[in-house]
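Work through the exercises below with the sequence and the structure in view. Each task is followed by a solution in steps.

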Amino acid sequence: MSLTQPKSPPPSRHDARSGRIGYAAAFGMVLASTAVAELLNRLLQTNRLSPVFLAAVLITAVTFGSGPAYFAALLAFGIYNFYLVEPRFTLGEFTAEDILLLTIFLAVAMLTGRLAGRVRDQAASAQARARTTQALFEASREFSGLNEEEFIRSGLLKHVSEVAGAPAALWRDGACRTSPEGAAVPSAVREALAGATAAGSIAGWRVRPLMVDQPELGNLAWRETGARTRGEDPLVDVLVDVGAAAIIRARLGAAEAEVRAMAETERLRNALLSSISHDLRTPLASILASVSSLREFGDRFEPAVTEDLLSTIQEEAERLNQFVANLLHMTRLEGGGLGVTAVRTDVREVAGRVVDRLRRRVGRRSLIIAQDRLDVRADPILLEQALGNVVENAIRFTPDGSTIELDWRRDGERVLLEIADDGPGVPPEDLCRIFEKFYRSPALSANLQGTGLGLSIVRGLMESMDGGAEARAREGGGLIVSLHLPAGDET
């Protein structure tokens, strides 16, 4: 379906009704000025009352515009001539002075009406343009804060309808939406919306694509009305272009977010593979070396040496098991498949199992734990996993001769567990990141083992039990990791 080029819209019923009111008001103003002139003529005994009629013309021009003002000027000229110019109540027998007076009156009346009407029309146009510009500004500000394409389309449709002062329709993917909702759209306009590739007018509606070089963005139409002043339609077009640009920006933002997500996924995958390949190689090498030694020289070793090699195999196998457990926990945490059974649990009992499991890895470090019984509401297996990860992290990053302390206390309706060490600690700028996956502080030795998952799993496990995990620097050096959980007697 072909579209005609945009042109000035025909006068609407509202415009015609407003015009009739203006001319009727002009007639009334002239009649009122005639009554005032008659009163002044009787009081002052003078017929030089043209300013009274000029005032009526001026008021009409300012209030209703140029057209009614011209009508008022001609009507005032006739009445002034017929009613006040001597001889009164006649249109003939003019003197040269009368002709000059009437000519000057008519010229002044017409000029006054034209100037005042133009001022009034320009003021109305400026007000309409200001309203349209304000709407354009508000729409631009609204679009700048939106990232969802559909929200932008809905907002654009609403703003176009408000600025145009008429119903608007948006065609996208075979569906037509209107503002206000349910507004009638002629079938010819719907057909034009479904296939429009260029701006145009049809059936009293303005139809145009959201952007010429992006036809898949959709097409927009709004009903043309004569109530809009000249110059408003270009601003509506600007509003449409702003909305189209916002949609493209949202698409680019979504594409950028997708690229970033893919890059982050690739980075995490590479970090995981690199970390696992490094961290699994060391315990596997220890296991293989111990097994090879036992197979070849087992009958020649002293019992203590044999026991030490077997302990090494067990310890390194447990480390491998811990790596695998961490990976499984991370997968379940991210997938939402971690099962939590929260029951009343004795912190002292859980801490004892952790210490027993890690005793061989403590080495020449001092591991001090509190002895007070204190119950929390938690899953004992997950709590042991989380607490073990924190203690193992402290062992890994503190040298021999360091002290690691496990303490707990009641804090209102919560229980606070603190694991403190006097090792090198963590730089202040890294404290907020040590719970991130695969994060390793650059200030720490790159030769230390670990997947970088331990503390991130700790936080995930604690949050799954309605708890949390934080870290802070210890006075005098070292690190304190705090775990908090609901108290065991909490209802």
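**Exercises on a predicted model**

The model shown is predicted.

**Exercise 1.** List the buried residues of α11, and state how many of the residues of this helix are buried.

*Solution.* Begin with the limits of the helix: α11 covers residues 454–464. The buried residues in α11 are Gly454, Leu455, Ser456, Ile457, Val458, Gly460, Leu461 and Met462. That is eight of eleven residues, and the helix is mostly covered. Continuing just past the end of α11, one finds aspartate 466 with a positive phi of about 65°.

**Exercise 2.** Determine how helix α10 is oriented relative to α11.

*Solution.* Two packed helices are described by the angle and the distance between their axes. Helix α10 spans residues 380–396, and its axis comes within 9 Å of that of α11, crossing at roughly 150°. Angles over 145 degrees count as roughly antiparallel. Therefore α10 is roughly antiparallel to α11. As for handedness, α10 passes α11 in a left-handed crossing.

**Exercise 3.** Find which residues make the nonpolar surface patch, and which helix gives the most to it.

*Solution.* Tyr23, Phe27, Leu31 and Phe71 make the patch, which has an area of about 350 Å². Helix α1, residues 13–44, gives the most, with three residues. Phe71 lies in helix α3, residues 66–84.

**Exercise 4.** Is phenylalanine 71 buried or partly exposed?

*Solution.* The relative accessible area of phenylalanine 71 is 31%. Buried means under 20%, exposed means over 50%, and partly exposed is in between. Phenylalanine 71 is therefore partly exposed.

Notes: Residues numbered from 1 in each chain as written. Predicted model: local features only at pLDDT ≥ 70, side-chain atom pairs only at ≥ 80, totals over all residues. Heavy atoms only, no water. Patch = residues over 30% accessible without salt bridge, like charges linked within 9 Å, V, L, I, M, F, W, Y side chains within 5 Å. Areas by Shrake-Rupley, 256 points an atom, 1.4 Å probe, with all protein chains shown as cover. Salt bridge = Lys/Arg side-chain N within 4 Å of Asp/Glu carboxyl O. Helix = DSSP H or I, 4+ residues; strand = E, 2+ residues; numbered from the N terminus. Buried < 20%, exposed > 50% of the residue type's maximum accessible area, 1.4 Å probe, protein only. Axes fitted to C-alpha atoms, helices over the stretch in contact; angles between N-to-C directions. Parallel < 35°, antiparallel > 145°, perpendicular 65-115°, else oblique. Left-handed = near helix turned anticlockwise from the far one by under 90°.
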